[in-house]
There are 2 protein chains.
Amino acid sequence: MSLVVVGSVAYDAVETPHGRVDRMLGGSCTYIGLAASFFTKVAVVGVVGDDFAREDVDLLASREIDLEGLERVPGKTFFWAGVYSEDMNDRTTLQTDLNVFADFNPKLPASYRDRPYLVLGNIQPALQRAVRSQMNGVRITGGDTMNYWIRDYRDELLETIRDWDFLLINDSEARMLSGLHNLRRAANAILDMGPNTLVIKRGEYGALLFRRDSHFMVPGYLLEEIFDPTGAGDCFAGGFIGYLAECGCDLREGKVDRRELGRAVIYGSVMGSFCCEKFGVDRFRTLTRDDIEQRFREFRDFTEF
Amino acid sequence: MSLVVVGSVAYDAVETPHGRVDRMLGGSCTYIGLAASFFTKVAVVGVVGDDFAREDVDLLASREIDLEGLERVPGKTFFWAGVYSEDMNDRTTLQTDLNVFADFNPKLPASYRDRPYLVLGNIQPALQRAVRSQMNGVRITGGDTMNYWIRDYRDELLETIRDWDFLLINDSEARMLSGLHNLRRAANAILDMGPNTLVIKRGEYGALLFRRDSHFMVPGYLLEEIFDPTGAGDCFAGGFIGYLAECGCDLREGKVDRRELGRAVIYGSVMGSFCCEKFGVDRFRTLTRDDIEQRFREFRDFTEF
């Protein structure tokens with residue numbers, strides 16, 4: 001079943017211990033959309049400037065992503081520059097130029113409005129809510145947020161996620177949102193805020209999925225070489241929701257299979273791990289579904305007992 | 001099959017956010033021995049002072065631990081005091097009085113020498129080697145070490161672990177020993193040093209097991225309340241080797257079942273998680289094998305997909 005992805009489309013400059021790239025395609029919408037496109041039909045909503053390159057449009061189109069909702073306006077595309085620490089567990093932002101993204105006001109093309117799955121990348125909570133209200137009875141909604149919205153836009157954020165089926169954040173965000181350090185308690189508090197499913201990403205340590213009556217845990221894939229972790233969390237989201245959309249999974253109580261949810265977390269982990277193998281979105285230029293299935297089997301091999 | 005455990009027997013003073021205990025039974029030999037005793041016959045080698053309490057002897061004896069190798073000498077038992085940080089991920093040592101442990105020179109009773117399994121808690125590498133040389137053709141040897149021996153006694157440590165079947169350390173120790181940050185590469189370098197099996201403990205993030213041809217990963221058990229993490233790593237070791245001894249597992253190439261090794265890591269994780277539920281060794285006073293099996297099944301439930 002098809003999926004609408006809303007978020008940023010950007011150019012990034014990134015420096016890691018393995019090298020540096022001055023300008024590469026990025027943004028949450030891009031990463032989520034590309035990762036999800038290996039599982040299901042994807043339609044994106046975003047905004048780019050008139051500097052947005054033909055080859056980047058072509059890459060998205062090559063994955064059969066519906067670009068009707070990708071608005072092009074005068075000005076420059078969102079630009080972000082950052083540098084990673086030696087062990088790549090920390091990064092420092094060097095530059096953030098919102099450019100055309102500053103006035104982003106997502107408008108859903110009519111052809112998108114009846115699609116059953118909606119995933120909202122990390123943008124202002126009020127915009128996330130506005131997008132959802134443009135859909136006609138969307139079946140599953142979920143998305144991401146960040147420390148900035150949790151701290152300074154808390155009420156708006158709570159109003160937004162109240163209507164979501166799943167929330168996908170990292171462990172420090174889960175602690176901040178709940179005010180609790182213990183993840184099991186933090187998860188219970190967040191499930192009280194609306195979503196029936198909470199996924200906590202832990203970077204190299206894997207991911208957790210919580211529901212009222214069960215949880216699922218997976219360790220992180222051990223890469224021999226992490227080239228560039230930019231976008232890995234968004235690729236996780238893309239693999240997770242992409243797989244749910246592919247198998248038409250519902251998340252409502254009594255309608256969901258815990259094993260199916262576990263597999264969605266594994267596909268998320270698989271896509272996040274591939275993302276780190278090359279700079280930016282480069283790994284997705286050559287990736288195949290066979291590669292994905294092979295890594296999925298690897299996850300089974302090293303976790304089964 | 002029976003297991004010989006060598007290491008420290010101590011009194012600890014511990015402060016965590018949940019409270020403080022001024023004097024409680026501790027030490028690597030104690031924790032490893034108690035945890036392993038739920039799986040197999042255990043015989044310990046250690047030294048205590050004349051202040052060692054009858055009730056602590058009784059606790060070890062109640063688990064049917066062979067105490068012939070527990071030497072009692074004039075003086076005070078090894079004493080350690082420490083305080084944990086708010087999130088319990090760090091601890092600060094306040095006091096270390098080696099006392100009778102300063103002259104510890106482990107001597108194996110004749111009745112221990114033909115036992116097939118030997119696990120060496122974190123003590124000086126030369127002593128670890130000396131213990132092994134007192135055994136008659138021990139089948140499986142392994143143990144723990146720490147940053148101090150890795151940094152200041154490197155040659156001695158390398159000579160010692162060359163003869164071991166398994167090494168059980170934490171992630172920062174693995175990085176220090178190998179000089180490599182990436183854990184997959186660090187593991188390969190350590191497997192070149194002698195042991196055919198490397199277990200890396202990652203605290204709340206679980207554990208990894210590496211062999212030449214495979215690896216196994218498990219996430220950490222999510223406790224709602226961590227009372228006191230003291231001894232959790234040693235209890236992991238006890239559960240791991242205890243289970244291997246119980247099922248008579250060999251670790252040599254071609255003789256081992258990867259699934260069996262995975263289960264040993266799970267039992268290690270189970271015992272480490274129980275250890276954190278109360279101060280010191282208190283959880284082991286009431287723990288049953290049924291409790292252990294129930295938590296083992298929980299691990300299966302939240303990792304299967």
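Nine strands of chain A build an open sheet with mixed pairing. Its order is β5-β4-β1-β8-β9-β10-β11-β12-β13. Strands here are DSSP runs of E with at least two residues, helices are runs of H or I with at least four, and both are numbered from the N terminus. Two strands count as paired if DSSP finds at least two bridges between them.

The model is predicted: local features need pLDDT of at least 70, side-chain atom pairs count only at pLDDT 80 or more, and totals for chains, interfaces and linings use all residues. Residues are numbered from 1 along each chain as its sequence is written, chains are lettered from A and ligands numbered from 1 in the order in which they are written, and side-chain values use heavy atoms, without hydrogens and water.

**Sheet in chain A**
- β5 (66–72) and β13 (214–218) of chain A stand at the edges; each has a single partner strand, so one side of each lacks a neighbour in the sheet.
- Neighbouring strands of this sheet are turned by 15° against each other on average, direction ignored (axes are lines fitted to C-alpha atoms, for helices over the stretch in contact; angles run from 0 to 180 degrees between N-to-C directions).
- β1 (residues 3–6) and β4 (residues 42–48) of chain A pair in the parallel sense over four bridges.
- In β4(A), A:A43 stands opposite A:V4.

**Sheet in chain B**
- Four strands form an open sheet in the order β3-β2-β6-β7 (chain B), with mixed pairing.
- β3 (19–26) and β7 (91–97) of chain B are at the edges, each with a single partner strand, so one side of each is left without a neighbour in the sheet.
- β2 (residues 10–16) of chain B runs antiparallel to β3(B), joined by six bridges.
- B:D12 stands opposite B:M24 in β3(B).

**Helix on the chain B sheet**
- Helix α1 (residues 28–36) of chain B packs on the sheet and touches β2 and β3 of chain B (contact means heavy atoms within 4.5 Å).
- The direction of α1 of chain B makes about 80° with that of β3(B).
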